[in-house]
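Student: I would like to learn how to read a few features of a structural model. Please show it to me before we start.

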Amino acid sequence: MIDAFLPWLLEELANAGSSLFDLSKRVSLVYLISALLFASSLFFYRYGKAGLSRLNVYFSWRIWTHASARTDYALWLLNRLLLAIMIPKTLAQSVWISWLFFFWQEQGLSSLAIGLPDILVIAFFTLCYFLADDFSRFFVHWCMHKNAFLWAFHQVHHSATVLTPFTVFRTHPIEGLLFFLRSLFVQSLVISVFLVLFPNQISLIQVFGILITTFFFNVLGANLRHSGVALSYGERIEKWLISPAQHQIHHSNAKCHYDRNFGVALAIWDRLFGSWHQGKDDQEIIFGTKQPIDKEGFLGQWLIPFKDISLLFIKALKKGASCVDPDLFAPKKKARKGE
Ligand SMILES: [Zn+2]
Ligand SMILES: [Zn+2]
């Protein structure tokens, strides 16, 4: 058993380390550095030389070695190991795509197949994939704030009291599983529909289209969202794209910032749901939740959500409800006790 476990463990840890050199991973060194170049150009343009000091926090040793950041790193590695055991991702996606492909054919979708030039199919596919992916991320995130049971797990991400690019991986494994199911469902849905509607036109070029959008998202400062560098895209662009400053507002523990800016790339979903809040270069934000689970280390981050959920159920049972009391689904007032 140990003979098989040890090589597997070492390989998984080596894979985690190789993320720093892998362009398909958000924390690739290229993206960590490009985020800096992008922000420094904008700050220099807006404030001249003095603007560059706004990046100091990105280099702060105190932040990168803070107890909260150390919890980020631990959860990053441990969740990777746990999810690698739980989820055979590639297999699951190919099985699901094949099933949907035959399902759409049975429903007669192939009779709607249209012949379009390859270039239009690529553009249309990339657009649909991007919109479906971005909206579903927004919506699952929105649900995680509005439902007290889901919030119990999502609070792990929000408990970080300092932000580093690795905070993006600070999630509870149950949240990781939910987001995996989301991506499995949405990506397979879009790919299978396009396979039926545009037979023989789905190729590596389409996948390349998706990679290009991810590439630009990462190059243009995605890593700054989880950092102390407040970078706004400016009033006009912020209405369309979520800036680092906007996501930092999402992490704020100030009441006026609760449930703002759930979006990932596009800000339009937040505007539609009434949760949009503009970010500013000079905003001052205190990160975290007042339920102090940040101090509990990675094990606390894994276990406290289950304790909170048990308390929610006990509360529901005490009220004698045959089903869960709808009050329990009231967002932050209960979930973020004391804030
Ligand atoms: Zn959130
Ligand atoms: Zn975040």
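The dialogue below takes up a helix pair and then a metal site.

Tutor: This is a predicted model, so local features need pLDDT of at least 70 and side-chain atom pairs pLDDT 80 or more, while totals for chains, interfaces and linings use all residues. Residues are numbered from 1 along each chain as its sequence is written, chains are lettered from A and ligands numbered from 1 in the order in which they are written, and side-chain values use heavy atoms, without hydrogens and water.

Student: At what angle do the axes of helix α6 and helix α7 cross?

Tutor: Two packed helices are described by the angle and the distance between their axes. Here α6 (residues 118-146) and α7 (residues 148-158) have axes that come within 6 Å and cross at roughly 105 degrees. The two are therefore roughly perpendicular (65 to 115 degrees).

Student: Which residues of α6 meet α7?

Tutor: H141, C143, M144, H145 and K146 do, against A148, L150, W151, H154 and H158 in α7; contact means heavy atoms within 4.5 Å.

Student: Which residues coordinate the zinc ion (ligand 2)?

Tutor: H157, H226, H247 and H251 do, each through NE2, at 2.1 Å.

Student: Why is the arrangement around the zinc ion irregular?

Tutor: Ideal angles for four tetrahedral donors are 109.5 degrees. The 4 donor atoms here subtend angles of 93 to 160 degrees, which makes the arrangement irregular. H157 lies in helix α7 and H226 in the loop between α9 (204-219) and α10 (235-238), so this pair ties together parts 69 residues apart in sequence.

Student: Are H157 and H226 buried or exposed?

Tutor: Both are buried, meaning under 20% relative accessible area with a 1.4 Å probe, protein chains only.

Definitions and conventions:
Axes are lines fitted to C-alpha atoms, for helices over the stretch in contact, and angles run from 0 to 180 degrees between N-to-C directions. Helices (H or I, at least four residues) and strands (E, at least two) are DSSP runs, numbered from the N terminus. Angles under 35 degrees count as roughly parallel, over 145 as roughly antiparallel, 65 to 115 as roughly perpendicular and the rest as oblique. Donors are N, O and S atoms within 2.8 Å of the metal (3.2 Å for Na, K and Ca); water is not among the atoms, so sites may look incomplete. Four donors count as tetrahedral if all angles lie between 85 and 135 degrees; four count as square planar and six as octahedral if opposite donors are over 155 degrees apart and all others between 65 and 115; anything else is irregular. Buried means under 20% relative accessible area, exposed over 50%, partly exposed in between (1.4 Å probe, protein chains only).
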